[in-house]
Amino acid sequence: MLFSSIIFLFYFLPIVLVVYFAIPRRYLRARNMVLLIASLFFYSWGEPVYLFLMVYSIFFNYFMAIQIFNEQRRGGTGRKNLLFTLIINLFILGFFKYFGFLMDTFNSLTGLHIHYTALSLPIGISFYTFQALSYIFDVYKKTVRPQQNPLKFGLYLSLFPQLIAGPIVKYRDVAEQLVYRETTKEKFGQGAIRFMFGLGKKVLPANYFGALNTGVVGLPDSKSAVVTAWIGAVAYTLQIYFDFSGYSDMAIGLGKMFGFDFLENFNYPYIARSVTDFWRRWHMSLSGWFREYVYIPLGGNRVTVPRHILNLMIVWGLTGLWHGAAWNFVFWGLYYGVLLVIEKYLIGKYIAKAPVWVQHVYAMVIVIIGWVFFSSATLGKAMDTLSIMFGVGAPAFINMHTIYLLRTNILLLIAGVLVSGPRPMEKFRKLEERSPILCLVCIFAILVLSTACLIYSSYNPFLYFRF
Amino acid sequence: MKTIVKNSSLILKIILTAVLIIFLLVVYGQANAKDVPMSTIEKALTSSTDIQQMHKCSSRELMEFMSIDASQYKGFIYYKSKNALGVEEVLVLKAARGQSLSGAEDAAESRIDSQITTFENYGPEQVAMLKNAIVVKKGQYLFYCTAKNPDKYEEAFNHVI
């Protein structure tokens, strides 16, 4: 089920809210049970067969965390149990996500044509597997005690607001909220506003820029031009930001409505002044996960320079692979690994001294090029698009179609760039203090417009659902 | 005591692993489908069904009638009745590796529901056909058919994949 769907907005969510708030605040267990049932129903929508996988993951990780804890209490290290848990979780993820990729790679390397069936990816598997692993690692490191109640652990892993596209919530960040959480009118209101902003981001700009990018990508070679290719790449850059940050806003907003406080996942990444800065602002829950559970255990930066470079490349190779089972994603990850190494050891100090606008342009050009690798179906197609963007093999620098695209989209592209920064939200906050009624009108307008678009649009999933 | 705890834990781990493997084998077995070109599927449907009596639709028509964006998928075959009051239609959609088909499945189900709403007061024959419609997922493919004998179409589809 999608957040941006009529069935979620006008049936599922209102029913869950009514049932949840009909239960008095003191019966938190009953409220948790409502959320758990709702989350499992939400997950089973569309792919009921994979509900088994979710329930399995809940019981398996619940049981193994207790095993690790008990073994450590008996004087053992818990390492074998940790390894077993890690293998099973990664095996499930690998089976669904990487089996086809491995078979394709094997077939192309050996020249064989072994037949296989690539299964459809259980939605959100990468997210909930990483949440389960963070819990297991934290229990192993004794950062948290294992949850004794399987229903509470089940709620942590399956909580529908963040279940299918993050943010990746660490158990320790919500452990207390599973036992006690505040649900106030103010918090509910803040959550609802955040949710509607997220919905607006997804349904209005993300879908609009998505359509623009699709139009450019689908152009025949004869109609392509350097500027047209850049328009497509910029459109995708805006699409993925509004799409994914819109989803995160909806997830955080929904969480708030039910009393949960999730950590932020985005901090205006397109105002970054360097690649390092960009990754401190983009998908923060994923970068935080890799930093804590891969980069630091590998030694982080407290090692020799060659080892540090290797650590960075491992982390970024894995980050790329997490996003998708294809070489273009691996390349995209390594691209950032290399750039971060260059920034850290070679050009970082010069960039820091450059004028602010140079820093922004530098960061954004790298990010836009990165999204070309990310959005292309294959590495070859990414290289073709980049060639055109840099004038290699492009039939023209600019043509009639480019002028048409610019004339029909330039204002919205500029608006998209402006809205992706912090200013509009700062202005909204000020307006909220001065004229709350006007703010309500704005939010209501966003909701009405989004609903109208949803009714007349086709099925349009979030980009990050495929991860 | 320690040995009993260790053994029961080991047994539980073996059971959990076995359950997982059985589930994966079942899911894989059910989803098993050959990766064949759309043209092969179309040829099979053309040779063993009445699909040619229908109109072959473009991606624009796929969007118009099924609300499915063809550019999101690897390929499609969409035929629709030539008759304005006909509800017969056949759709085969191929997803990219690992791509979910649940959205397309929802679209097919919505199409059936909306067609039933349209015809329910004056088209009993059409409604009966719609209620007998088939929507199945197999591997990377989604198959949807509303026809007098949808099983015949499904059989041709199943045979080729």
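Q: What separation puts domain 1 of chain A and domain 2 of chain A apart, taken between their centres?
A: The centres lie 26 Å apart, computed over C-alpha atoms. The domains are 6-180 and 187-466; such bounds come from an automatic or database domain assignment. This is a predicted model, in which local features need pLDDT of at least 70, side-chain atom pairs count only at pLDDT 80 or more, and totals for chains, interfaces and linings use all residues. Residues are numbered from 1 along each chain as its sequence is written, while chains are lettered from A and ligands numbered from 1 in the order in which they are written.

Q: What makes residues of domain 1 of chain A count as in contact with domain 2 of chain A, and how many residues of domain 1 are involved?
A: The test is C-beta atoms, placed from the backbone, within 7 Å. By that test 25 residues of domain 1 of chain A touch 24 residues of domain 2 of chain A. H1 (6-22), H4, H5 (125-140), H7 (160-163) and H8 (171-179) of chain A each give two or more residues to the domain 1 side. H5(A) gives the largest share, 5 residues.

Q: What classes make up that domain 1 side?
A: It divides into 17 nonpolar, 6 polar and 2 charged residues. Nonpolar means Ala, Val, Leu, Ile, Met, Phe, Trp, Tyr, Cys and Pro; charged means Asp, Glu, Lys and Arg; polar means the others, Gly among them.

Q: Which elements of chain A give two or more residues to the side that touches chain B?
A: The contact takes 27 residues from chain A and 31 residues from chain B. Helix H3 (51-73) and helix H4 (79-110) of chain A are those elements. By class, the chain A side has 15 nonpolar, 9 polar and 3 charged residues.

Q: Why is chain A called as compact as a globular protein of its length?
A: Chain A has 19 helices and 0 strands, both being DSSP runs numbered from the N terminus (helices H or I, at least four residues; strands E, at least two). Its radius of gyration is 23 Å, close to the 23 Å that the globule rule gives for 467 residues, so the description holds. The radius is taken over C-alpha atoms, and the rule is 2.2 Å times the number of residues to the power 0.38.

Q: What makes a residue buried, and which residues of H14(A) are buried?
A: A buried residue has 20 or more other C-beta atoms within 10 Å of its own C-beta, placed from the backbone (exposed: 12 or fewer; partly exposed: in between). In chain A, 43% of the 467 residues pass. In H14(A) they include A:Trp332, A:Tyr336 and A:Glu343. Their cover includes H11 (275-281), H13 (305-323), H15 (356-375) and H16 (379-389) of chain A.

Q: Where does helix H14 (residues 327-353) of chain A bend?
A: It bends at A:Ile347, by about 85 degrees. That is the angle between axes fitted to the seven residues ending there and the seven starting there.

Definitions and conventions: Two residues are in contact if their C-beta atoms, placed from the backbone, lie within 7 Å.
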